[in-house]
Amino acid sequence: MNAEHPPRSPLHQPALHDSGYKHTSGEALYVDDLPLPPGTLHALPVGSNVARGRITACDASAALAIPGVRAVLFARDIPGDNLIGPIVHDEPLLADGEVFYCGQAIAVVIADDIEACRDGVQAVRVDIEPLEPILDIETAIERESWLVDPHVIARGDVRHGMAHAATILRGETRNGAQDHFYLETHATLALPEEDGCVRLYSSTQHPTEVQKLVAHVLGLGSNQVVCEVPRMGGAFGGKESQASNYACMAALGAIHTGRPVKVWLDRDTDMAQTGKRHPFWTRYEAGFDNDGRLIALDVHIYADGGWSIDLTGPILDRALFHLDNAYFIEALRFEGRACRTNLPSNTAFRGFGGPQGMLVVEEALNRYAEQMELDPADVRRLNYYGAAPRDLTPYGQQVTDNRLERIHTELLTSADYLARRDAIERFNAGSRFVKRGIGFQPVKFGISFTKSILNQAGALMLVYADGTVQLNHGGTEMGQGLHTKMMAVAAHELGVPLASVRAMPTSTEKVPNTSATAASSGADLNGQAVKAACEEIRERMRPVAARLLDVPAADAATLHFEGGYVSAPAGGRVTFAEVATACWAERVSLSATGFYRTPGVHYDAQAGRGRPFYYYAYGGAVTEVEVSGLTGEHRLLRADILHDVGASLVPGIDLGQVEGGFVQGLGWLTMEEVLFDANGRGLTTGPSTYKVPAVGDVPSDFRVSLLERAPQPGVIHGSKAVGEPPLMLAISVVTALRHAIAAFGRPGYEVQLAPPCTPEAILRAIVSQRDRALTHAVGLARKVAASPEL
């Protein structure tokens with residue numbers, strides 16, 4: 001440390017990801033990398049081979065005869081409760097009597113090594129009497145197969161609005177599922193401890209839920225189960241609830257055998273057994289006035305929840321909350337239903353229903369612009385939220401700190417949108433087989449858990465006598481840089497160098513009763529908790545530092561903590577380490593807990609009114625594409641993004657999140673297809689059959705900026721959440737594709753395109769444009785031939 005020029009606060013400054021070099025070198029430890037204790041066994045689930053059926057017989061004798069197989073456990077071997085689930089306990093950990101999807105766990109094989117485990121899984125005999133499954137939303141609706149009660153949000157008289165609309169559009173939208181495709185698949189290592197307790201090392205976004213459900217399955221108290229998360233190799237929502245199943249299996253094996261047990265899934269098993277982003281089917285009616293304002297919107301959305309509730313209820317809620325996206329709609333009625341099907345239970349995924357909701361209103365606006373031959377960006381701008389009375393969402397929350405207009409103006413100017421759109425029109429006029437398109441997408445995304453009680457977080461800070469710091473908080477690190485941000489907050493509050501702060505693995509024995517690291521709120525919640533704990537320690541240290549500096553006790557509040565020093569306004573300073581040592585000598589506590597709960601959030605689902613979000617994050621994207629009319633293939637030429645993250649805690653981390661979210665979104669919208677056969681078996685269970693974006697799919701010209709001079713009041717150091725909102729900026733790709741496809745037909749024709757916009761889907765849309773143009777030309781020719789005066 002340079003005594004003359006101490007390091008400044010790391011807050012709001014560029015910084016590397018705290019594990020960046022370890023990720024690159026392979027030194028970063030994940031659950032599968034942890035050294036195995038002597039005698040560790042391995043476990044794998046035995047999955048159902050039918051989508052729905054009645055179990056008539058189970059025989060594990062052949063599996064138990066395989067050398068190395070130690071046990072095969074069924075539902076009857078569970079000492080506690082077999083039913084688990086994140087909200088409603090409606091999921092048998094191990095099927096008991098019936099199975100409800102292909103891959104559902106029926107038994108757990110425990111063996112000396114993974115090879116014996118796999119052999120044992122194949123040897124377990126399970127006889128199942130097949131029953132007719134429900135494999136799609138339409139069948140579920142027809143059979144009234146529902147998971148949760150309907151949710152309705154309404155405002156004004158939507159029928160009256162339609163009656164006075166100049167243009168009415170009716171239609172249906174669909175979106176497919178999306179696999180999380182995290183680099184690290186599900187994994188848990190369970191260690192039996194004294195007195196029947198168990199310690200878990202789990203790849204989970206929600207260590208408290210793992211703790212609670214393992215205790216529930218084993219018949220233990222939560223104090224007898226510890227869950228620790230070293231780090232995750234990606235999660236994206238897929239490890240918010242569904243990591244618990246595999247943790248329970250590992251813990252069950254550990255308690256049953258008295259030995260450590262590890263569950264690690266290969267890619268095929270992971271993709272076959274776990275849930276995805278929810279597919280939605282939506283019917284809508286949209287009414288526009290003569291100026292192009294969306295004055296009425298009637299929407300019925302249906303989510304495919306899979307076989308159990310999981311998190312489908314709140315995901316459906318968030319889809320409804322985001323049907324408006326960035327636009328004020330005077331009269332509306334939104335109704336959401338969740339369907340029960342015999343597919344893996346769909347679950348949280350980045351955006352948590354918000355992307356599916358936004359797609360509906362964006363399609364209505366695109367169709368209107370195409371029909372009226374308008375620039376979709378102009379139609380969007382016309383409909384933005386604005387000053388009262390155009391500042392209330394459908395559920396009655398006021399849209400404050402609205403940055404939509406600013407982002408629109410700054411982004412379209414910096415992206416040179418109008419000139420590029422004109423250039424594209426000229427290019428398309430002279431190019432027969434290749435067309436280009438450009439699309440603009442604004443985003444308004446609500447930040448908070450929509451279940452208000454989850455908006456809380458805790459932290460435990462430890463300062464040692466040598467001035468070094470251990471940081472514990474309830475958030476989990478999955479590559480998103482949460483630990484990096486929390487370290488910056490702690491270093492800033494205590495005034496120490498970043499190198500003095502060590503972020504510890506998240507553990508339920510350090511911070512209890514945590515919420516999942518989800519809803520983009522990890523830094524918001526945990527950052528405030530870390531700040532509170534650090535402030536408490538710092539205030540305890542002030543009187544001690546004042547004595548060391550000969551500052552009157554009454555002036556202790558004027559001391560400044562920064563860069564590893566404590567300084568007095570009149571001059572003089574001591575090192576933070578000296579103050580810490582003096583605190584120890586004076587028996588001053590240097591540990592503290594911090595707690596935070598988000599104020600003012602609430603929602604009444606029956607009334608469809610409330611303030612479910614603490615604030616909104618905003619963003620905008622302009623994307624340019626090029627499409628082949630011969631193959632339907634496309635490439636992204638350029639993407640310009642301007643995103644609102646408030647006063648970024650660590651700008652480099654936030655830029656990475658914006659870039660990654662956009663690319664993951666374009667994957668969902670243009671290439672990723674989750675497919676099942678007619679019997680409900682997954683067909684896309686590996687990278688050979690499931691395409692995710694690669695380097696070549698990223699725009700060759702990728703320009704990402706963070707909105708400047710935009711601190712957010714009431715949030716940790718003026719920052720904003722960043723994890724989920726950028727994903728929806730990728731909807732600009734769909735608008736750009738529609739623009740390019742429209743150029744293959746006549747002006748005024750709506751483009752028939754639904755995501756995922758694969759080459760096949762794009763080619764079908766192009767053929768449709770050409771066919772309609774040809775039909776028009778033939779009709780016009782016949783009209784001319786039949787009219788001598790023409």
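A: Happy to. Between domain 1 and domain 3, about 1300 Å² of area is buried, and carbon and sulfur atoms give 52% of it. On the domain 1 side, Gln205, Thr208 and Met232 lose the most area to domain 3, together accounting for 33% of what that side buries. Please keep in mind that this is a predicted model.

To place the two partners, the domain assignment puts domain 1 at 39–133 + 180–273 and domain 3 at 456–597, with domain 2 taking 280–450 + 605–769. The C-alpha centres of domain 1 and domain 3 are 39 Å apart. In terms of residues, 20 from domain 1 are in contact with 16 from domain 3.

Now for the polar side of this meeting place. The count of salt bridges between domain 1 and domain 3 is 1. Arg199 pairs with Glu509 in a salt bridge, and their closest N and O atoms are 3.1 Å apart. Polar contacts between domain 1 and domain 3 come to 7 residue pairs, with both residues at pLDDT 80 or more. As for secondary structure, helix H6 (207–218) and strand S13 (225–229) are the elements that give two or more residues to the side of domain 1 that touches domain 3. Of these, S13 gives the most, with 5 residues.

Two residues elsewhere in the chain are worth a visit as well. Arg318 sits in helix H9, which covers residues 312–321. Arg318 is buried yet has no salt bridge: Glu724, the nearest side chain of opposite charge, is 5.2 Å away, and a salt bridge needs the nitrogen and the carboxyl oxygen within 4 Å. Setting aside residues up to four places away in sequence, Arg318 touches Gly351, Phe352, Gly353, Gly354, Phe445, Gly446, Ser448, Thr450 and Phe613.

Leu637 belongs to strand S30, residues 634–643. With a relative accessible area of 14%, Leu637 counts as buried, because the cut-off for that term is under 20%. Apart from neighbours within four places in sequence, the contacts of Leu637 are Arg436, Glu624, Val625, Glu626, Ser700 and Asp701. Leu637 and Val124 lie 513 residues apart along the chain, and their C-alpha atoms are separated by 52 Å.

To return to your request, the meeting of domain 1 and domain 3 brings together a buried area of about 1300 Å², the salt bridge of Arg199 with Glu509 and the 5 residues that strand S13 gives to the domain 1 side.

Terms used
Residues are numbered from 1 along each chain as its sequence is written. This is a predicted model: local features need pLDDT of at least 70, side-chain atom pairs count only at pLDDT 80 or more; totals for chains, interfaces and linings use all residues. Side-chain values use heavy atoms; hydrogens and water are left out. Helices (H or I, at least four residues) and strands (E, at least two) are DSSP runs, numbered from the N terminus. Buried means under 20% relative accessible area, exposed over 50%, partly exposed in between (1.4 Å probe, protein chains only). Lys and Arg count as positive and Asp and Glu as negative; His and the chain ends are not counted. Contact means heavy atoms within 4.5 Å. Domain bounds come from an automatic or database domain assignment. Buried area is the accessible area (1.4 Å probe) that two parts lose on being put together, summed over both. A polar contact is a pair of N or O atoms within 3.5 Å; within protein, one must be able to donate a hydrogen and the other to accept it, and residues adjacent in sequence count only if both atoms are side-chain atoms.
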